[in-house]
Amino acid sequence: MTLFITVLIIFALTLVGLVVNYSITTKNLDSIRRLRGEIQQLGIRKEEAMERVTGLRQHEKMLRVQLDDIERGLPPIDLSFTDAAPAEGQNGEQPADYSGMLAKPKKVARGENAVLESFVREKRITPAQLQKARDYKTQTGSEYSLEDILVMLGYLRQEDVEVAKRRFGA
């Protein structure tokens with residue numbers, strides 16, 4: 001009889017253990033599902049944030065160009081990029097239009113020369129500054145690209161070079 005009671009107690013304790021284990025497992029699975037949903041939502045928010053950061057960085061680059069031009073005494077830039085006629089600047093001059101900097105040119109040249117030629121054509125550097133960089137590279141046997149040398153000499157900003165390289169696929 002005592003053996004029967006002992007077996008019955010062991011069976012009851014095992015059954016209680018199984019019920020408690022099932023309850024804990026169910027709660028853990030619910031927590032895992034909830035956390036997976038939160039992770040997915042955070043991933044979507046991260047993508048949205050990265051897109052916003054990219055847009056803000058592009059806007060910052062345009063503002064830096066505008067600030068540089070203002071410091072050089074050039075007319076203000078129209079950052080609206082609308083089809084409407086541009087507004088006049090402070091002294092009646094037309095604001096500079098840099099909307100073309102964001103799009104690829106119609107006839108796109110490729111490679112380092114196209115990037116350098118675009119800087120000269122857009123009057124970001126002078127032909128003399130470009131020649132000075134070429135002379136430096138030749139005289140020193142530098143392994144740096146001409147764009148990097150122009151940045152080191154302070155004639156260009158690294159951001160401008162990166163934008164131009166993407167623009168020309170260099």
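**Figure 1. Overview of the predicted chain and its five helices**. The secondary structure comes to five helices and zero strands, so that the pattern read along the sequence is α-α-α-α-α. Of the 170 residues in the chain, 19% are buried. The accessible surface of the chain amounts to about 12900 Å², and 59% of this surface belongs to carbon and sulfur atoms. Among contacts with a separation of 6 or more, 49% are accounted for by residues 24 or more positions apart.

**Figure 2. The nonpolar surface patch that includes V19**. Together with M1, F4, I5, L8, I9, F11, L13, L15 and L18, V19 makes a nonpolar surface patch of about 1100 Å².

Figure 3. An α-helix has 3.6 residues a turn, so residues three or four places apart point the same way. R34 is partly exposed, with a relative accessible area of 47%, and E38 is also partly exposed, with a value of 35%.

**Figure 4. The largest nonpolar core, with a view of L156**. This core has 14 residues, and those with the most contacts inside it are F119, I125, L150 and L156. Helices α2 (112-121), α3, α4 (146-152) and α5 (158-168) each supply at least two residues of the core, and α2 gives the most, with four residues. Leaving aside residues up to four places away in sequence, L156 touches F119, R124, I125, L150, V151 and V161.

**Figure 5. The salt bridge between E122 and R167**. The closest N and O atoms of E122 and R167 are 2.7 Å apart, and the pair links distant parts of the chain, with E122 in the loop between α2 and α3 and R167 in helix α5, 45 residues apart. E122 is partly exposed, with a relative accessible area of 32%, whereas R167 is buried, with a relative accessible area of 14%.

**Figure 6. The salt bridge between D160 and R124, and the network around it**. The closest N and O atoms of D160 and R124 are 3.1 Å apart. D160 lies in helix α5 and R124 in the loop between α2 and α3, so this pair ties together parts that are 36 residues apart in sequence. Both D160 and R124 are buried, and salt bridges that share partners join R124, R157 and D160 into one network. The structure holds five salt bridges, including the pair shown here.

**Figure 7. Helix α3 and the glycine that follows it**. Helix α3 runs over residues 127-140, and because a residue is taken at 1.5 Å, its 14 residues should span 20 Å, which agrees with the 20 Å between its end C-alpha atoms. Just after α3, G141 takes a positive phi of about 65°.

Technical notes:
Residues numbered from 1 in each chain as written. Predicted model: local features only at pLDDT ≥ 70, side-chain atom pairs only at ≥ 80, totals over all residues. Heavy atoms only, no water. Expected span 1.5 Å × (residues − 1). Patch = residues over 30% accessible without salt bridge, like charges linked within 9 Å, V, L, I, M, F, W, Y side chains within 5 Å. Areas by Shrake-Rupley, 256 points an atom, 1.4 Å probe, with all protein chains shown as cover. Salt bridge = Lys/Arg side-chain N within 4 Å of Asp/Glu carboxyl O. Core = buried A, V, L, I, M, F, W, Y, C linked by side-chain atoms within 4.5 Å. Buried < 20%, exposed > 50% of the residue type's maximum accessible area, 1.4 Å probe, protein only. Contact = heavy atoms within 4.5 Å.
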